[in-house]
Amino acid sequence: MNIEELKAKYEKYIGTDEFMDHIFELKKDLLSSDSNDFLEYHYLLMNNKNLDSGERDLIKSFFYSEVVNERDKTKVGEFLLKKFEQEKTPQKQAELIKILGHLRYSKVKKLAIQEIKSPEYELRFACIMVLGWVGTAKDLVYLNERMLNDPEGTLRQCGAAAMRQIWFRHKSTKLKITQYINGAIRHETNPYALSGMIITIQDLYGKKLGIKESHYGDISGDVNKAKEKCIKELDKN
């Protein structure tokens with residue numbers, strides 16, 4: 001299939017109620033080549049305003065899909081990295097970092113570390129998330145810096161949550177994460193940041209300290225009481 005045939009197939013259904021009925025057939029065609037023409041068209045589709053947000057998100061996920069994907073991941077990663085360098089808005093750059101993270105592209109960790117102190121919230125958020133996905137013990141220091149110093153409580157929360165993601169893959173990080181949270185939680189007052197730290201310690205030590213996290217990420221519980229319990233647990237360890 002050449003690029004014109006691919007475009008004709010997609011454009012037959014874009015903007016119609018039939019698009020989702022044919023999406024998996026269309027996906028297979030889109031992922032059948034990693035030529036620059038196919039990658040460029042994929043990127044255009046991901047940003048096509050004639051598709052609704054759910055359809056665009058699905059097209060975006062095809063960049064890192066494991067099913068019927070015959071593409072060379074390194075080639076796809078290099079393509080997306082160039083797009084990151086060309087894009088001017090932090091929203092688009094953040095989106096690309098997350099795609100590269102999902103793809104487990106070899107250079108995404110370096111990019112996340114480079115941009116993790118960006119003045120833009122969206123970009124810092126994406127970098128923290130991606131370090132949680134691909135980071136190892138030596139990358140905890142970057143997350144700790146954000147957990148201590150980010151001006152947004154939600155991102156200090158994300159710093160702790162990303163440490164937990166690293167621990168899921170590298171259990172040997174337990175002590176270092178404990179030390180970092182022990183140094184941060186005593187001076188933290190933001191409820192979002194505190195909840196991230198407490199939930200991480202709960203998981204690391206298999207304890208119930210008063211904060212609950214639903215499957216959808218909703219947080220409940222008395223954060224201040226849980227903080228006191230968490231500090232007592234940390235003092236034991």
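**Reading salt bridges, burial and a pocket**

Modeller: In this predicted model, D57, K60, K92 and E95 are joined in a network of salt bridges.

Biologist: Which two side chains meet in a salt bridge at 3.1 Å, N to O?

Modeller: Those of E95 and K60. E95 belongs to helix α6 and K60 to helix α4, so the pair ties together parts that are 35 residues apart in sequence. E95 counts as buried because its relative accessibility, 17%, is under 20%. K60 is buried as well, at 17%.

Biologist: How many salt bridges are counted?

Modeller: The count comes to 17. One of them joins D29 and K9, with the closest N and O atoms 2.9 Å apart. This pair links distant parts of the chain, since D29 is in helix α2 and K9 in helix α1, 20 residues apart. D29 is buried at 15% relative accessible area, whereas K9 is partly exposed at 29%.

Biologist: Which residues of helix α3 are buried?

Modeller: In α3 (residues 36-46) they are F38, L39, Y41, H42, Y43, L45 and M46. Their cover includes α1 (3-13), α2 (23-30), α4 (53-61), α5 (73-86) and α6 (90-103). H42 has 0% relative accessibility. Leaving aside residues up to four places away in sequence, H42 touches L30, L31, I59, F62, F63 and R71.

Biologist: How many disulfides are there?

Modeller: The count is 0. For C127, the nearest cysteine sulfur is that of C158, 12 Å away. A disulfide requires two cysteine sulfur atoms within 2.5 Å, so the sulfur of C158 is too far from that of C127 for a bond. C127 is buried at 0% relative accessible area, and C158 is buried at 17%.

Biologist: What volume does the largest pocket have, and which residues are closest to its centre?

Modeller: Its volume is about 350 Å³. Of the 17 lining residues, C158, A161, A162, R164 and E213 are the closest to the centre. Helix α10 gives the largest share of the lining, 6 residues. By class, the lining has 9 nonpolar, 6 polar and 2 charged residues.

Key:
Residues numbered from 1 in each chain as written. Predicted model: local features only at pLDDT ≥ 70, side-chain atom pairs only at ≥ 80, totals over all residues. Heavy atoms only, no water. Buried < 20%, exposed > 50% of the residue type's maximum accessible area, 1.4 Å probe, protein only. Helix = DSSP H or I, 4+ residues; strand = E, 2+ residues; numbered from the N terminus. Contact = heavy atoms within 4.5 Å. 1 Å grid on protein atoms, 1.4 Å probe; cavity = no way out; pocket = protein on both sides within 12 Å on 5 of 7 lines; lining within 4 Å. Points joined across faces, edges and corners; volume = space filled by probe spheres on them. Nonpolar A, V, L, I, M, F, W, Y, C, P; charged D, E, K, R; others polar. Salt bridge = Lys/Arg side-chain N within 4 Å of Asp/Glu carboxyl O.
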